[in-house]
Amino acid sequence: MAKGPVKYFVVDAFTDSAFKGNPAAVCLLEEERDEEWLQSVATEFNVSETCYLTRIASPDSATPRFRLRWFTPVTEVELCGHATLASAHILFTTGLVNSDIIEFDTLSGILTAKKVHDVKATDGTLKIQDGGAHEGFLIELNFPVVPTSEFNSAEVSAISEALNGASLIDIKRTTTSDDLFAVLPSGKHVMELQPRFDAIQKCPGRGIIVSGIAPPGSGFDFISRFFCPKNGINEDPVCGSAHCTLTPYWSQKLGKRDCIAYAASPRGGIINVHLDEQNQRVLLRGKAVTVMEGCVLV
């Protein structure tokens, strides 16, 4: 029997402006599709992540639950922040859920997305509260901390070379996603960095997260970029999952649990992060914009 068309949306995540942030294709599945089809569609979209949502019947719970899978143009991944935010944005804005909380069943366990409303205070500053009347909303993702371990210093020179000779203040390796995490002297160095993607291909691990403290007066606490050519993404425009490593690192360095992070890719993006140290969770807050919708016909 022929399969029916699949509704999709393209969403720019971690931004409130179209054509900024990180694009994700969100596909709503009403029937199972095989692995080859899932990967082929992701390759066809050719954005940093294509994700697939399948509703899970949960009669014993008032919280809607969906199976969620993420694919880059070349492979499936175990954790993705911006496509999760994009998925929640579509579910909240299209009326597919009648709830302010959604649960996603993923390769990284159950992840939650929560609608958090923006409310303007009388003094013009932005206050955040849960529920009630609102002018707009952010989406808060509850993700696991991704720990780091020390990196073999014998290979530091190769990492620096891949980052075009950048000076490295610190370098670590994430224990679950197998990314390298390099700290540069400043956020300015991060923004000006011109990586050598061919050399990054030869580096150990999956990809390289680079970060530095934000310049004074910028309105941000730290700045980052993420390079992952092995997964078909030279530079991930705004990598939410990288902030599961960045947040505990900078929280400890800056002595604060709440930070405002800027992803300094050409598209740019903003993530509000909170470290729940006791439960080893990171809360990622951001906005999203739907820019396209249609149907996959094959």
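User: In this predicted model, which residues does Lys-287 touch, not counting residues up to four places away in sequence?

Analyst: Lys-287 touches Asp-12, Ala-13, Phe-14, Thr-15, Asp-16, Leu-85, Asp-118, Phe-137 and Leu-138. Its place is in the loop between strand 18 (281-286) and strand 19 (288-296).

User: Is Lys-287 buried, exposed or partly exposed?

Analyst: Buried means under 20% relative accessible area and exposed means over 50%, with partly exposed in between. Lys-287 has 29% relative accessibility, so it counts as partly exposed. Another reading is distance in space against distance in sequence: Lys-287 and Ile-270 are 17 residues apart in sequence, and their C-alpha atoms are 8.6 Å apart.

User: Where does Phe-19 lie, and what is its phi?

Analyst: Phe-19 also lies in the loop between strand 1 and strand 2. Its phi is positive too, near 70°, in a residue other than glycine.

User: Which of these is buried or exposed: Phe-14, and Phe-19?

Analyst: Phe-14 has 1% relative accessibility and therefore counts as buried. Phe-19, with a relative accessible area of 63%, is exposed.

User: How should I read a nonpolar core, and how many residues does the largest nonpolar core have?

Analyst: In soluble globular proteins, nonpolar side chains tend to be buried together. Here the largest nonpolar core has 55 residues. Those with the most contacts inside it are Val-26, Leu-53, Trp-70, Ile-102, Phe-104 and Ile-139. Helix 2 (residues 81-93) gives the largest share of this core, seven residues. There is also a second, separate core of 20 residues, which includes Ile-159, Ala-166, Leu-193 and Cys-203.

User: Which residues does Val-26 touch, not counting residues up to four places away in sequence?

Analyst: Val-26 touches Lys-7, Tyr-8, Phe-9, Val-11, Cys-51, Leu-53, Ala-86, Ser-87 and Ile-90.

User: Tyr-8 is on that list. Where does Tyr-8 lie, and is it buried or exposed?

Analyst: Tyr-8 lies in strand 1. It is buried, with a relative accessible area of 14%. Leaving aside neighbours within four places in sequence, Tyr-8 is in contact with Val-26, Cys-27, Phe-45, Met-292, Glu-293, Gly-294, Cys-295 and Val-296. Tyr-8 and Ile-90 are 82 residues apart in sequence but 9.7 Å apart in space, C-alpha to C-alpha.

User: What does Tyr-52 contact, leaving aside its neighbours within four places in sequence?

Analyst: Tyr-52 is found in strand 3 (residues 49-56) and is buried, with a relative accessible area of 2%. Its contacts are Cys-27, Leu-29, Trp-37, Leu-38, Val-41, Ala-42, Arg-67, Leu-68, Arg-69 and Phe-71. Between Tyr-52 and Phe-66, 14 residues apart in sequence, the C-alpha distance is 9.4 Å.

User: Now a helix. Which residues of helix 6 are buried?

Analyst: An α-helix has 3.6 residues a turn, so residues three or four places apart point the same way. In helix 6 (residues 243-254), the buried residues are His-243, Cys-244, Thr-245, Leu-246, Thr-247, Tyr-249, Trp-250 and Ser-251. Just after helix 6, Gly-255 takes a positive phi of about 70°.

User: What is Thr-247 in contact with, leaving aside its neighbours within four places in sequence?

Analyst: Thr-247 is in contact with Val-273, His-274, Leu-275 and Val-282. At 1% relative accessibility it counts as buried. The C-alpha atoms of Thr-247 and Phe-222 are separated by 9.3 Å, and the two residues are 25 apart along the chain.

Note on methods
Residues numbered from 1 in each chain as written. Predicted model: local features only at pLDDT ≥ 70, side-chain atom pairs only at ≥ 80, totals over all residues. Heavy atoms only, no water. Buried < 20%, exposed > 50% of the residue type's maximum accessible area, 1.4 Å probe, protein only. Helix = DSSP H or I, 4+ residues; strand = E, 2+ residues; numbered from the N terminus. Core = buried A, V, L, I, M, F, W, Y, C linked by side-chain atoms within 4.5 Å. Contact = heavy atoms within 4.5 Å.
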